[in-house]
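I opened a new page for this model. These are my notes on what I looked up.

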Amino acid sequence: MERKRKTNAECFAAAREVLVGGVNSPVRAWKSVGGTPRFFLRGAGAMLEDVEGNVYTDYVCSWGPLILGHAHPEVVAAVVRAAADSPSFGAPSPLEIELALKVRARFPSMELIRFVNSGTEATMTALRVARGFTGRKLAVKFSGCYHGHADAFLVAAGSGALTLGCPDSPGIPEDVASCTIVLPYNDIDAVKRCFVEHAKDIAAVIVEPWAGNMGLVPPREGFLESLREITATSGSLLVFDEVITGFRVPEGGVQQRLSLVPDLTCLGKIIGGGLPVGAFGGRREIMEKLAPVGPVYQAGTLAGNPLAMAAGIATLSVLERPETYRVLEARASRFAAGLADAAKAAHFPLVVTRLGSVLGMFFASAVPATLDEVKRTRGDLYPAFFAAMVEAGHLFAPSAFEALFVSTAHDEAILDETLAAAERIFRELAKKM
Ligand SMILES: *Cc1c(COP(=O)(O)O)cnc(C)c1O
C-alpha cells in the first residue's frame, strides 16, 4: 500500500500558509528563476529525491557544506553517535577541542578560535572583536561579497565612491549603515582613496578572498596582497571571510594558497559537515579581547554543539586523506572544462571559474572582476537554463549568480550526464540569442 504522495506544488502552497514565503531562507523560494521550489525528502551522495519521487543530481550541496555529498556514512555515523550521548551540554566537550585543532592545522593564522552557529554570527562577531581591539568604528566591505545578514553587512554603496554606506534592507538604521563603507571588489585604487580619507577610523576590511556570492569571481593579481599591506600600515584588521572557500582547496583556504596572513578568518559551511556552524579566529592578542578573557561580549546557547562538532570532525577527517582532494580536484577541473567545451560546441557564450571544487558560471565571453561586470553578463538567460536543467534532473542554484559545488560523490558518470544535458540546453539557448 502506498500513501498518496504530495506534490511539490501542494507542499509549497501548504508551506506558504505557515512559513513566510513558504521558506526559511529567501533564495529557496526560486523567486528569481520562477517555477515551483522542490521539497526534498532525502539525499544520498550526489543525488536528491523530492516529494514526488523525482531524483536530481545536486550542484547546490546545501550551498557548500556537503563537500562529501549527502548523508556520507562517516558523517551520519558520527552525528548518530554524538546524539546518543546527548545533543547538547551547554558546557565544554572534547569534541570542540578536536575540531578546533583540525581547523587550526589547515588555518594556522587562527591561533585562537571560537565556534558559533552560522557564518552570519562569525562575521558579525569578528567585526565586533575588530572594533573592540582597534577602538575604531568603520568597516570596509566590497560590493558583491556576502558576509551573512548582520546589519553591518546589509549595506549598499553610497552615491559617491567615498561616502558612507546606506541600508540595503529596511530595518537597518542609517546610523548603523553609515559605519560601513562599500567599495567595488578588485578595485585597489578605491581602497587606497578610502584609506587616505578614513584610515584612522577603519577597524576592519572584510573580504571574500575569492568572491563566491556573485558567481565565483577571482581576485585580481595583487588585490589581496595590497589589502594586506594597506590594512597593516594603517592599523586596521584584515578579515578573510572563507566561509565558502575554506576547505575547498587542499591547502585549506585562499590564505594558504597565496601565503597571506589575515588578522581574522571566518569559516562556516564545510566545517559543520551540514549541521549549523560557524567559526572565527585569528591572532591571539586580538581573540583575547573576547569574553571570558577580554571585555568584548559574545555567547551562544548551542555554540560548539556536539552534533555539529562531530559532523565537522568527520568531514575534515575524510578531507585529511590525501586522495580526497586529489579526486575532487580532478573531477571538478574536468567538469569545469567540460562545461566550457559544451558551451563552445553549442556556440553559447560561457566562462567558467574554479577554485578547487567550487565553480562559477557566467553567460559571457570574459570573466567578470566586479559586481557591475557580473551584472552585465547574460544572467537574464539563466532562468531558462535552470528550468531546463531541473526538468532534465540536474539541480543548479536557483539564482543566476551563485556558485556551483562538486562533492566527492559526484563521480565521472554523473558529471558526464550533466554535461550532456547542459550541452543540449546551451544549444537551445544559443538559438534564442
Ligand atoms: C554563506 C556565507 C555566509 C553566511 O553563512 P550562514 O551560515 O548562511 O549565516 C557568510 N559569508 C560567506 C562568504 C558565505 O558564503
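**Notebook: sheet, helices, ligand**

I began with strands S2 (residues 47-50) and S3 (residues 55-58), which run antiparallel and are joined by three bridges. Helices (H or I, at least four residues) and strands (E, at least two) are DSSP runs, numbered from the N terminus. The model is predicted: local features need pLDDT of at least 70, side-chain atom pairs count only at pLDDT 80 or more, and totals for chains, interfaces and linings use all residues. Residues are numbered from 1 along each chain as its sequence is written, and side-chain values use heavy atoms, with hydrogens and water left out.

**Sheet.** I found Leu48 opposite Tyr56 of S3. The open sheet has four strands in the order S1-S2-S3-S15, with mixed pairing. Strand S1 (40-44) and strand S15 (394-395) are the edges, each pairing on one side only. Two strands pair if DSSP finds at least two bridges between them.

**Asp85 and H3.** I looked up Asp85 in the loop between helix H2 (73-84) and helix H3 (94-106). Is Asp85 buried or exposed? Asp85 counts as exposed because its relative accessibility is 58%. The cut-offs for relative accessible area are under 20% for buried, over 50% for exposed, and partly exposed in between (1.4 Å probe, protein chains only). From Asp85 to Arg106 I noted 21 residues in sequence and 28 Å in space, C-alpha to C-alpha.

H3 has 13 residues and reaches 19 Å from first to last C-alpha, close to the 18 Å expected at 1.5 Å a residue. The expected span is 1.5 Å times one less than the number of residues. Leu99, Ala100, Lys102 and Val103 are buried in H3. They line one face of the helix, because seen down the axis of H3 the buried residues fall within an arc of 160°. That arc is taken over the directions from the helix axis to the C-beta atoms. Pro94, Ile97 and Ala105 are exposed on the other side of H3. Among the elements covering the buried residues of H3 are strand S4 (112-116), strand S11 (264-268) and helix H10 (306-320).

**H10.** Next I checked that cover. In H10, 13 of its 15 residues are buried. Its end C-alpha atoms are 21 Å apart, close to the 21 Å expected. Asn305 caps the N-terminal end of H10, with a side-chain oxygen 3.0 Å from the backbone nitrogen of Leu307.

**Thr265.** I then went to Thr265 in strand S11. Thr265 is buried, at 0% relative accessible area. Its side chain makes a polar contact of 3.0 Å with that of Gln255. A polar contact is a pair of N or O atoms within 3.5 Å; within protein, one must be able to donate a hydrogen and the other to accept it, and residues adjacent in sequence count only if both atoms are side-chain atoms. Leaving aside neighbours within four places in sequence, Thr265 has contacts including Phe107, Met110 and Phe280. Contact means heavy atoms within 4.5 Å.

**Ligand.** Which residues are around the ligand? I listed Ser118, Gly119, Thr120, Tyr146, His147, Gly148, Glu208, Asn213, Asp241, Val243, Ile244 and Lys269. The cut-off is a heavy atom within 4 Å. A backbone N or O atom of Gly119 lies 2.9 Å from a ligand oxygen. For a polar side-chain atom of Thr120, I noted 2.6 Å to an oxygen of the ligand. For a side-chain N or O atom of Asn213, I noted 3.1 Å to a ligand oxygen.
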